[in-house]
Amino acid sequence: MDYSKFYTPPQIANLLVRKVNVPHPDTAIDICCGSCNLLRAAKKRWKNTTLFGVDIKPHIASDVNFMEMDGRQYAIKHAKKYPLVLANPPFDFVKTNREFPLLYQGVFSSYSTKRLENEMLLANLLLLQENGTLVIILPSTFVEAESNTAIRSLIGKNYYVREIIKLPEDTFGASNINSYALIIKNSSPKKKTTNSSCVIFENEQFLFENKCTVPQKDIQAGRWYDRYSATNEAFDIRRGNVSSQMFCDKGTAILHTAKKSEQWKPSLRYCAVSGENLVYAESGDIIISRIGKSAGQWGIYRGEKILISDCLYRIKDPTGKILNRLQGHEYDFPQKGVATRYITINDFKSWYCSLSSDVNAEKSTSGE
Ligand SMILES: C[S@@+](CC[C@H](N)C(=O)[O-])C[C@H]1O[C@@H](n2cnc3c(N)ncnc32)[C@H](O)[C@@H]1O
């Protein structure tokens, strides 16, 4: 599937632009402007703002000063010029690590990525004037995955992450991509917390539902996502952080996604990794597949302490309370993700909570 062609729906674009607290920007730019929906939303709010659009493909937009070129090249040439930057970049791989090396400057000099949306994020940050504001839509993996902790932390330490907004699951229709919008200011944090909210559809309109605030120390540590709680219950959940690209014929044993032919038991592979912060499973831990055809399948790990791949979650369950609830319940397979099916911790939460309500209903009918 071509993930570059999913434009921001105008209602979502209008909603996001209304959330920005810039009094009156002279200019606004989108360096992957496509439909120009984000720019038009800005023009609706600020009639006198001059719009600049860049795209690698030709586009006709009479109200936008358009330039056909690579957005990253444009950003390198026009650094620090814009008070308002809007972005819904393509979600894809770059051809080589650091395809545009000049984007990796200053605080990003030691960072490296193969993801195009991450490189586009650096380009968008580069365009910002001091105190300028960026509104950017990124895949949920940017906010939730361990593999992006380093870039989240760099941004948290050097910019003011003002809002983290989870967008509705069907924002990009057939792509099944879960996404977030981030509002980031090129300044030091003005508040001690960052707002985390989601967009919901109610009474025929999209609106914000406030979820929680995230302390700046978590933002700076790259913990942007409430990974460890489901309603009132706290879980010790970790996603593995070794990708299958690190697999080899011999080396350290690692658990990877389950296979139907093996009754969904995670398969044993080998990898060449070492270091701190790796995620291990120990006997008695619950393992959940998060990706591929086995997404949502779970089981109890029995064996020696072992590494797990980033296609699995590990949940500690020392009291057996979680297992009691999961026993006998299969997971529904949600169809999600960038190019594949995968589940997130939010899915686990809603699955677990739905089992809690079953348990409560059973208790009340049995008179407990
Ligand atoms: C997901 S669409 C988003 C369009 C628009 N920003 C919106 O929100 O509706 C991504 C756009 O990025 C463009 N694009 C892809 N690679 C690009 C690049 N290297 N430089 C500039 N634009 C690019 C695509 O042509 C497409 O129009």
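## Salt bridges, strands and buried spots

The side chains of Arg-162 and Glu-163 come together in a salt bridge, 3.8 Å from N to O. A salt bridge here is a side-chain nitrogen of Lys or Arg within 4 Å of a carboxyl oxygen of Asp or Glu. Arg-162 is buried at 12% relative accessibility, and Glu-163 is buried too, at 4%. Buried stands for under 20% relative accessible area, exposed for over 50%, and partly exposed for anything in between (1.4 Å probe, protein chains only).

A word on what you're looking at: this is a predicted model, where local features need pLDDT of at least 70, side-chain atom pairs count only at pLDDT 80 or more, and totals for chains, interfaces and linings use all residues. Residues are numbered from 1 along each chain as its sequence is written, and side-chain values use heavy atoms, with hydrogens and water left out.

Back to the salt bridges: the structure holds 13 of them.

| Pair | N to O distance | Relative accessibility |
|---|---|---|
| Arg-162 and Glu-163 | 3.8 Å | Arg-162 12%, Glu-163 4% |
| Asp-63 and Arg-40 | 3.3 Å | Asp-63 33%, Arg-40 33% |
| Lys-316 and Glu-282 | 2.8 Å | Lys-316 21%, Glu-282 36% |

Asp-63 forms its salt bridge with Arg-40, and this pair links distant parts of the chain: Asp-63 is in the loop between E2 and strand E3 (65–68), while Arg-40 is in helix H2, 23 residues apart. Helices (H or I, at least four residues) and strands (E, at least two) are DSSP runs, numbered from the N terminus. Lys-316 and Glu-282 also meet in a salt bridge. Lys-316 lies in strand E20 (residues 312–316) and Glu-282 in the loop between E16 and strand E17 (286–289), so the pair ties together parts 34 residues apart in sequence. There's a network as well, made of salt bridges linking Asp-70, Arg-72, Lys-95, Glu-99 and Glu-119.

Now for helix H2 (residues 37–45), where Asn-37, Leu-38, Leu-39, Ala-41 and Ala-42 are buried. What do the buried residues of H2 pack against? They sit against helix H1 (10–18), strand E1 (27–30), strand E2 (50–55) and strand E4 (82–87), with contact meaning heavy atoms within 4.5 Å.

In E1, Thr-27 and Ile-29 point one way and Ala-28 and Asp-30 the other, and all are buried. E1 runs parallel to E2, joined by 4 bridges, and Ile-29 has Phe-52 as its bridge partner in E2. The chain goes from E1 through H2 to E2 in a right-handed β-α-β crossover; right-handed means that, with the strands pointing away from the viewer, the path from the first strand over the helix to the second runs clockwise. E1 also runs parallel to E4, with 2 bridges, and there Ile-29 stands opposite Val-85.

Val-85 turns up again among the residues that Thr-133 touches, including Val-20, Leu-84 and Ile-183. Thr-133 is in strand E5 (residues 128–139) and is buried, with a relative accessible area of 2%.

Elsewhere, 5 strands form an open sheet with mixed pairing, in the order E13-E15-E14-E19-E16. Its edge strands are E13 (247–248) and E16 (280–281), each pairing on one side only. Two strands pair if DSSP finds at least two bridges between them. E13 and E15 (residues 266–271) run antiparallel and are joined by 2 bridges, with Phe-247 opposite Cys-271.

Methods. Lists of a residue's contacts leave out its neighbours within four places in sequence.
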